[in-house]
Amino acid sequence: MELDRELKDLFARGVDRPLDDEAFDALALRVFRHQAGANPVYGRYARARGVSPDDAARWSDVPPVPTRAFKRLALACGDPDDADAVFVTSGTTGGEGRRGRHHVLDLDLYHASLLPNLEAHLLPDGLRPPIFALLPPPAEAPASSLVHMVDVAMERFGASGSGYFVEAGGDGGDDAGSGAGAGLAAAELRRAVDGAVDADEAVLVAGTAFSFVHWLDALEDAGVRLRLPPGSRLMETGGFKGRSRSVPREELYGAVEERLGIPGSHVVNEYGMTEMLSQFWEPVLREALAGEPVRRRHVPPPWVRTRVLDPSTLAPLPPGEVGLLHHFDLANLHSVSSILTEDLGVAVEGGFHVLGRAGDAEPRGCSIAMDDLLSASGTSR
Amino acid sequence: MTAFDAWWTPGPALRGEPGDAGRSGELVLRAPEVDGAAVESLARRLRRGREEALASLDADDVVDRIDAVASRFLRRGDRLREQALELLPLTTGYAPAMAERVLGGMARDWQGDRLRGLLEAEFDDPAVLDAFRPGPRGRRLRALGPELTFHVGAGNVPGVTVTSLVRALLVKSAALVKPGSGDPVLPVLFARGLAGVDPELAEAVAVVYWPGGAGGPEEAALAAADATVAYGGDEAIRALRGRAPDGARIVAYHHRVSFGIVARDALSAERVEETAYRAAEAASIFEQRGCVSPHLFYAERGGDASPELFAERLAGAFRRLEGELPSGRLRPDEASAIHQLRGEAELEAAAGGGRTVYRSDDAAWTVVYDHDPAFEPSCLNRVVRVKPVDEVHDVADRVRRYRRHLQTVGVAGAGGRLAGLAEVLGKAGVTRVAPLASMAWPPPWWHHDGMDPLRPLVRWVDLEG
């Protein structure tokens with residue numbers, strides 16, 4: 001389809017040519033019109049909110065779908081069974097029935113959006129390194145969008161020696177954290193690292209924050225300090241929800257430098273979610289290699305817009321004020337582009353900071369929390 | 001940022017300067033650091049204090065003293081009341097009208113007539129708390145409360161922890177109170193008030209704060225006390241039991257789920273508006289965070305107003321209630337949960353799922369009519385579902401799987417069927433069936449989670465012959 005081709009061309013232009021508001025809005029409204037038509041449920045939902053495709057003037061008018069809705073409904077512009085892939089969130093409480101599912105009707109579109117963005121932020125110097133993934137391989141985690149993304153990157157950019165270092169049984173989650181746990185293939189990973197050191201070949205190590213904590217803890221326990229070759233870089237993502245150990249970012253990056261020899265400028269955080277095909281990267285490595293001052297923030301690619309909304313009123317907030325993150329992702333052409341997350345963030349110059357999940361706090365009062373009641377009774381919805 | 005001294009002890013009992021002890025909502029808490037040794041020392045002091053005053057007071061005298069403090073919370077212009085009303089919105093997010101309503105409702109039940117009602121409901125002769133009294137079958141009976149109880153509060157429904165303290169005092173127990181981070185204000189103000197009324201009695205009370213889960217002081221308190229009264233979620237209580245010595249006496253009040261039933265008589269043309277108002281009010285008190293707060297309403301088919309229409313009327317009632325009892329400030333996570341729930345419900349409605357969503361423009365209130373009768377908990381803060389049921393008795397089957405957590409059912413319009421309904425609900429796990437209009441305010445003599453409030457604390461001594 002026409003829009004599909006246009007978007008692929010747009011993604012191919014890369015991340016360095018911003019799309020002005022007018023051009024973005026024009027595309028966004030066409031995407032909205034397509035989604036409202038091809039997904040009748042979303043179309044009715046939008047109309048019930050008083051916004052049909054004829055009413056929207058800009059991307060921010062398009063009614064967002066909350067991320068949790070992906071647990072209840074297949075939000076696809078077409079037959080969900082025709083999907084090339086179905087990515088599933090790693091889930092927190094309540095079991096299988098409560099996981100979000102993203103039916104990806106066109107993997108080519110997905111790859112077209114993910115590769116230029118990843119390359120620009122992890123391989124800005126054109127490096128084609130061995131990629132060591134602290135993740136289970138795709139065969140073990142076919143529903144993980146994170147594993148899929150790394151696999152696609154490995155195929156396109158990874159040198160020989162690339163591989164997965166989490167054993168079968170380690171769960172391959174995505175934004176909520178992936179397995180490692182007991183599943184880290186530590187000996188193999190060590191061999192791979194030693195090989196890279198011997199060959200003086202810079203590597204890219206990719207994984208969830210939690211898997212890195214696990215690996216670094218093990219290195220510390222063994223009193224080991226590795227020195228990955230200069231130019232090596234690290235990609236980490238995800239938080240610590242549901243895990244026993246939570247580590248502040250600065251502490252993690254300090255341990256990365258201490259135990260792996262990778263400086264903070266070469267540690268790139270990725271913020272993404274199963275419900276959204278595009279990713280948000282930190283530009284720190286790009287900036288460091290270009291000799292620019294390094295400033296941590298997450299930057300939307302040109303085909304994504306993000307704004308921060310007042311949690312109560314959903315009114316847009318100015319930079320500097322904390323609120324809920326609302327994204328419009330053109331790459332979500334075949335599902336829903338306008339997404340209201342449960343993530344808290346704040347807009348800063350040239351991007352935003354993610355501050356954490358809004359859904360993590362303990363409920364107040366003596367009344368039981370939804371999750372507690374449902375897991376206590378063994379119910380899933 | 002307003003700061004609050006989140007502790008009270010009789011006289012100087014804790015060493016060290018008060019420092020930053022975290023936050024309760026918008027309120028900065030200050031408290032001295034407390035370790036296990038300090039708790040043990042405090043426990044000894046509380047026992048002595050009890051020995052010297054509380055132990056020799058009649059229960060009736062204790063009631064009078066508590067009543068005097070209650071009166072202060074209820075008297076307009078009283079400094080204690082003003083402080084409470086100034087601080088409660090900061091910890092709870094309540095609008096001022098809600099803070100007044102909640103303070104008023106809780107303090108009313110600390111008044112003398114209500115407490116006497118509690119004593120009389122629990123003991124054939126409440127004087128057994130003071131001396132041996134003739135009892136059934138020719139015995140004389142004496143009821144002795146624990147010398148020292150440890151109270152662990154949780155959540156932020158204001159006043160729950162004070163009620164726990166009041167119950168302990170009624171059975172002549174000295175009390176070491178550790179409020180949850182959500183409700184530090186009223187326990188401290190109550191203790192200050194009590195000290196003003198009777199400084200010697202107040203020697204048996206201490207309110208101490210430490211950050212959640214801190215091992216040392218909590219374990220010391222669990223070991224030093226003769227009994228512990230704990231409020232919290234299942235996991236928190238499980239952890240607490242784990243930290244207590246073997247065989248420790250623990251009275252636990254877990255988090256609960258409550259709901260409402262609107263029977264067809266209450267959906268008559270004459271009554272439906274009133275019913276909708278009562279339902280909205282019940283779901284708004286405590287911003288729906290109380291154990292007594294209804295998560296949803298089952299509406300019976302066959303009345304003048306259908307369940308769908310009742311949902312619409314309920315939405316109207318929430319809208320109007322905003323004028324009288326405005327919604328409070330929400331934490332970002334609470335507001336986020338509301339928007340997520342709304343979006344899910346609206347999409348399901350669009351998918352033809354027999355749902356209708358009514359909501360305020362902001363996150364103030366939400367009503368979802370949901371034709372699926374399966375019970376679903378709410379994310380709270382004035383978010384309710386209305387689900388249809390053919391016959392009120394059918395509700396019992398819907399909720400039986402939650403039997404371990406059920407508490408209150410507010411009922412309207414059951415008429416002659418009420419007793420039968422209460423029977424099936426009771427068997428399904430419910431511990432309290434009340435009129436919809438009063439479900440938010442259990443009387444002091446209620447069987448709290450199915451238990452007597454005072455009896456679990458006392459030890460009986462029989463004198464035969």
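Predicted model: local features only at pLDDT ≥ 70, side-chain atom pairs only at ≥ 80, totals over all residues.
Of the contacts in chain A that link residues at least 6 apart in sequence, 67% are formed by residues at least 24 apart.

In soluble globular proteins, nonpolar side chains tend to be buried together. In the present model, the largest nonpolar core comprises 133 residues, and the members that touch the most others are Phe73(B), Trp110(B), Phe190(B) and Phe310(B). Helix H7 of chain B, which spans residues 185-197, provides the largest share of this core, with 8 residues. Apart from this core lies another, of 78 residues, which includes Phe11(A), Leu107(A), Ala206(A) and Leu317(A). Within chain B, and with neighbours up to four places away in sequence set aside, the contacts of Phe73(B) include Leu80(B), Arg81(B), Ala84(B), Leu103(B) and Ala107(B), as well as Trp110(B), Leu186(B), Leu189(B) and Phe190(B).

Helix packing in chain A is illustrated by H1 (residues 2-12) and H5 (residues 107-122), whose axes come within 9 Å and cross at roughly 15°. Because angles under 35 degrees count as roughly parallel, H1(A) and H5(A) are described as roughly parallel to each other, and their crossing is left-handed. On the side of H1(A), the contact is made by Asp4(A), Leu7(A), Lys8(A) and Phe11(A), while H5(A) contributes Asp108(A), Leu109(A), Ala112(A), Ser113(A) and Pro116(A).

Leu325(A), by contrast, is considered here for its surroundings in chain A. This residue belongs to strand E11 (residues 322-329) of chain A, and with a relative accessible area of 0% Leu325(A) is buried. Although 19 residues separate Leu325(A) from Leu344(A) in sequence, their C-alpha atoms are 6.0 Å apart in space. Leu344(A) is one of the residues in contact with Leu325(A) once neighbours within four places in sequence are left aside, and others among them are Tyr271(A), Val308(A), Ile339(A), Leu340(A), Phe352(A) and Val354(A).

Definitions and conventions: Residues numbered from 1 in each chain as written. Chains lettered and ligands numbered in written order. Heavy atoms only, no water. Contact = heavy atoms within 4.5 Å. Core = buried A, V, L, I, M, F, W, Y, C linked by side-chain atoms within 4.5 Å. Buried < 20%, exposed > 50% of the residue type's maximum accessible area, 1.4 Å probe, protein only. Helix = DSSP H or I, 4+ residues; strand = E, 2+ residues; numbered from the N terminus. Axes fitted to C-alpha atoms, helices over the stretch in contact; angles between N-to-C directions. Parallel < 35°, antiparallel > 145°, perpendicular 65-115°, else oblique. Left-handed = near helix turned anticlockwise from the far one by under 90°.
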